[in-house]
Amino acid sequence: MLLRSLVSIALVVALVAVPSGTRADDPPKSVDFERDVKPIFAKHCYSCHGPEKQKSSLRLDQKAGALAGGDSGKVIVPGKPAESHLLKLVASDDPETRMPPKGARLTPKQIATLQQWIEQGAKWPDDESVKVNPADWWSFKPLKKPAVPAIQNPKHEIRNDIDRFVIAKASDKGLSQSPEADRRTLIRRLYFDLIGLPPFPEEVEAFVKDTAAKAYEKLVDKLLASPHHGERWARHWLDVVHFGETHGYDKDKPRPNAWPYRDYVIRAFNSDKPYGRFISEQVAGDVLYPGTVDGIEALGFLAAGPWDFIGHAELPESKIDGKVARHLDRDDFVANTISTFMGLTVHCAQCHNHKFDPITQHDYYSLQAVFAALDRTDTRYDTDPKIATQRARYDGQKKVATAKLATLIAEARKKAPELIAIEKQLVDAAKPGNTPKPPEFGYHSAISPKQDVPKWVQVDLGESVKLESIVLKPCHDEFNNIGAGFGFPVRFKIEVSDDAEFKTDVIVLADETAKDFTNPGMTPYRAKVGGKSARYIRVTATKLAPRQNDFIFALAELEALDADGKNLAAKKNVTALDSIEAPVRWRKSNLTDGLFAPGARLTATELAKLREKRDSLMKSALGEKGVAELATAESELRVAEMELAKLPAQRSVYIGAIHTGSGNFIGTGSTGGKPRPIHILTRGDVTRPGKEVAPGAIVAIPGITGRFELPPNHTEGDHRAALAKWLIDPNNPLTWRVMANRVWQYHFGRAIVDTPNDFGKMGQLPTHPELLDYLASELREHQSLKKLHKLIVMSATYRQVSTTHDANAKIDVDNRYLWRQNRRKLEAEAVRDSILFVAGKLDLTAGGPSFQDFVIEKPEHSPHYQYHLHDPDDVKSHRRAIYRFVVRSKQQPFMAALDCADPSLAVEKRNETLTPQQALALLNNKLSVAMAKHFALRVEKLAADDAGRVRAAFRLALGRDPTAKERDALTAYAKEYGLANMCRVILNLNEFVFVD
Amino acid sequence: MSTSRRDFLFHSGGGLGGIALASLLGADKLLADAPRKRADGGLHHKPKAKRIVQLFMAGGASHVDLFDFKPELVKRHGQEANFGEHVEAFQNGLGPWLKPVWEFKTYGNCGKQLSEVVAPLGDVIDEIAFIHNMIGKTGVHSQGTLLQTTGFNRPGFPGMGCWVSYGLGSANENLPTFVVLPDHRGLASNGTKNWDSAFLPAQHQGTAIYPGTKTPIEDLFPDERAKFVTRDADKAGIDLLTELNKQHANARPGDERLEARIKSYELAAKMQLAAPEALDISKETKETLKLYGLDHGKTSFDKEINPLEETDYFSRKCLVARRLLERGVRFVQVWSGNDNGFPRRNWDSHEDVKRDHGPLAYGMARGASALIADLKRLGLLEDTIVLWTTEFGRMPSSQGGKGRDHNPYCFTNWLCGGGIKRGISHGPSDDFGYKPADRKYPTEVYDVHATILHLLGIDHTKLSVRHNGIDRRLTDVHGHVIEEVLA
């Protein structure tokens, strides 16, 4: 508030009103900042302009900030009190603008002190804020491959360079490395780490027995080549990018087409896609790799996070709340991109320059500008590149034919201007009449993914009555720009009967099921009854009307007219095979409510006459040749459209893309994807836009330029391509470090930089900076995540036991310097998959739409995700957890109890808790107990007696034989309470959920 | 981590999660940052209150029809609404001025005017401090709800109860620290995002409880399909499990998590005993049931929404809330209303305030009034805070005749109990209830949150957790303790 309406203050206050002649209040002759000025700031200003808050982006507790000023510019101009707004504000007579706004005014003496201080040059001793160059920070330094330390007389095994870095550091601290873990431990560790599943008992035994020197490496290679490797590591990635399959917020709608992005990530990890390409596809795949499936599906990254459906669908961009929703949306694009790939908290620069890192508010909004044309939306694409090529060809032909048509028509119009009026009349004829459309649209069936699913709706007239004719009135709905004839069936029949079930005495009045019926627009469809009597009238659609990527059946009104033209169906009861029931627009009763969109303005005869007139005008305007050309172009267009129709259906994927919509959620498609103008928002407030900014990135990061060099006539795609280029620039000091650090984290349970999403000043320092740079340089060089994985798991450091060691623990209790491996608690997904695995129920089918382990109630409005209604024995839900449909508004309770990632926030590192709720979930959850039963049925067959079954269960679940004590205790328990209970105990063992 | 550090975490209210958090993340920094409770139960200063119950009206309850009487609206009823400035309403629903749909009457020694639909609150009116100049950020349900529950208008932040649980820990390890009693019809906007722990450890997330249903708490008992888990098998199984887990832990010294996990099964068993007892209202006296309006003797209700049924639903939750608070639950959140669908079963009365607010408002008033009286009778009100809140208010003008559009520019909250001034109204709204009377100094959710944390002995600027590089607080970078409502 400090700098509000500076201009008006400047007019009101001539100059600082320091009372003169009050000798007792004279300021000190030479003002000392520390002694005289700082206490005034501290008492009166710090609460709003200090370390806690910086109203109007001004802080007076640090030299650099105070002299730099706030949102409206400088407030202190050394040597020039008249230009120093600070003085005007503290001296103002206007209580609305005076500072401080609350509490005691500054005394005349204090004001005079400030004035004199400024006059004398506003001397302020240098403090931290001046000395520090924000770009002078370890993670912004150029990435160079460090020399590998030489280890003299190694006392511990050295398998590769990682060990040299670790041992060098550990020796400095007086730590000694731990020995290698046994084979049984190592195979479990590798399995969970690399593929997220336990090994089969046979694999354990074979590995334990394999004495070959290369046995370990062979196992590593096998697991890295396994298709399950991508499934395991995709989950880590999806945590970071906060991937979810519903929007979140209010009316948490599902995103049925989000999964291709999940499959893309799995595929990328399995095929060891070069990391730089992996990044650039996710930011600008459509631009950089056009025509590829990966180039489209990867953009699911941008759309991964939550999205305010109501804020977009019910509010236009012109409204403040609509602006807020879209601002939040872009903020998520920016934050997701920069924190995922570069580990910086750029979103902190939304209201003011970043307080710790060299990121300006200008940088932040430049990044928003990169994404300014995008929305989150379903986009269609071909999953087969060959089909994509064909589609492009026919699209091209269609374009040429359309252009030719347009030229000819323009020519015709020029010669026969009356054509324009006729064409307009023809177009208008398809629209509903002048009177406004009632909000009650009509009856609307449930939505079907297939077109040939028959659906019916019927009216009960209450008694059998004589009928003359039946009239069907089409609907009008702008949805997907359909308008007139919305939902009118492509094939249908009208029947009457006295049997509500239409099993007997059925009279067919109209049969349009043999061939497609041209959509009638708003023209009503009439069927003659001819005086027959019936109680029930049924309309059956045998081929539904297309809607978006799906099919429906909708009618505005059904009238049953008697000989006097009286509508006997009015207000009569309506039943249907199914109905969307979304009042007031759509409900069964709307079919007989007398309300419908006004009909066409012209009769069929009038229409025919108009068409005829148009054709003859065309002929005289274009001549025989022209008309022939017109016909050729029309036929070429038809052919292209037919060929296009023949191509296999495109798939939809939910990505960040240019959206073409209707209603309030219009997107930028109608302007050809022109980016929305992005302004720097004062205090992040959408009602206070400042300067407009061009697309760009963070300018102050050394080594790379954040100002894009864009081609002339650049498009929004060029902006994203430039950002991708900037992200993967070999000189980008962060990209490679951030990813090497993430990979390390998932292998050791803790990263080298323990704040993987923050490599800035508020983040933690690396425990092993040289090692991190070594790994990052390797990654930059070979771009291969698999090579990085292999390097890490091949190291002696990784292979150490996880048991403690007193002397080491005294020095480094938290094992920051890796004198042992960390004992790892399994994540929610690994626990769940292991439970299904040992029960023999895990379905390893890869890819495709997610399974849903809930039932959706009230899907038409606010879907309720009811996990408790799901049957744990539903085999569809026995796939790996990576294929689970991830809901935002209600997390899966079992997975949430086990600390799965919350898809509403970027999870750089999961919390690990041990709570009573977690114990209850593993003991009692329907999945745990159902699987305990299957586990029991499985082990029952594996041995002849209970002791043998206990052994089999141990081998499956823990990869080892039970001790005699364990075997006896569990056998006794199984004898008394059965195998299922015994298996339930095993699934709850500490050893089952901890790897080592 | 040494034994003494572990014990400290256990007993200082970090509870089991304290150990888990510290030892699992192994981070000294985090441990140093972990809240440390004072002997008097506060975190930064002596607390006035120990626990809190939040009553949340989903959909946006109308302040001008319930608590904030505006004679000017009566006078100008039906006249064209002139706001004197451009107003953006959510559905552009700005019809003529609409007077309160119910009569207002004066109650208590404080002389507060209350709408007749919330008349039961008149019995406890002298306990309550109203705040009439609340403002939100937007008129979007999801954002309004999140702002009031988590202090942020986008998902990804812990609910207020999570923060209180994180700061003060549990007062009864056998029950969850933060309990949510959702509307039985379904979850409000954002679902469980309103009480999820986000970046705080999972034990601080709200535990949703549905009293009176077959499964009031998720997984408290074995899934009923698993007939093989008999009571004896269960008990013997957990004993055996503990035994085997101990052997396993003994072979792996120095890893407290292994012991912590054993302990978590003990606590789970205790919760199985404590939770059903806490939720069982059958032992309540006739007088108590009468106080809550639960003595109606009906087992089924009319098909249409009605005040008696709403009283039953809301009062039952209030009574359960009291039982939970009494037994050491720190934070109870009671919801009235579910998502924004049709027919309206929440407070989003765009079409007809009287029809859609009526039964909910009466049920709420009956339950809330009983809760306050009951807490007072038991001597619990002096250190329990009751907070009534909603997403935003509703416009003083009508929308489509009988309804009102969203008003994020002004609404009402009220508080009572531990440390709250009794029988006052703070921060008046303007003559129409359109915006605060003093627009320069409205009250924001940050201020309410700061005040509540203050009463619980927490300085809202100091309870923070670093997440993705930012020190996150319930109050973001805002919030002032509202001195005027402190006793």
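Chain B has 487 residues, and its radius of gyration, taken over C-alpha atoms, is 23 Å. A compact globule with 487 residues would have a value near 23 Å, so the two agree. The globule rule here is 2.2 Å times the number of residues to the power 0.38. Along its principal axes, the C-alpha trace of chain B spans about 80 × 50 × 40 Å.

Some housekeeping. This is a predicted model, in which local features need pLDDT of at least 70, side-chain atom pairs count only at pLDDT 80 or more, and totals for chains, interfaces and linings use all residues. Residues are numbered from 1 along each chain as its sequence is written, and chains are lettered from A and ligands numbered from 1 in the order in which they are written.

On confidence: pLDDT is the predictor's confidence in each residue, from 0 to 100. Chain B averages 91, and 93% of its residues score at least 70. Over residues 1-32 of chain B, however, the pLDDT is below 50. That stretch still has 63 contacts in the model beyond near neighbours in sequence; a contact means that two C-beta atoms, placed from the backbone, lie within 7 Å. For the complex, the predictor gives an ipTM of 0.88 and a pTM of 0.79.

Now the fold. Chain B has 12 helices and 15 strands, where helices (H or I, at least four residues) and strands (E, at least two) are DSSP runs, numbered from the N terminus. Of the contacts in chain B between residues at least 6 apart in sequence, 75% join residues at least 24 apart. Buried residues are 61% of the chain. Buried means 20 or more other C-beta atoms within 10 Å of the residue's own, exposed means 12 or fewer, and partly exposed is in between.

Which helix is largely enclosed by the rest of the structure? Helix H6 of chain B, residues 160-168, because 9 of its 9 residues are buried. Among them are Met160(B), Trp163(B) and Tyr166(B). After H6(B) comes Gly169(B), with a positive phi near 70 degrees.

Last, the interface. 85 residues of chain A are in contact with 75 residues of chain B. On the chain A side, H31(A) gives the largest share, 8 residues.
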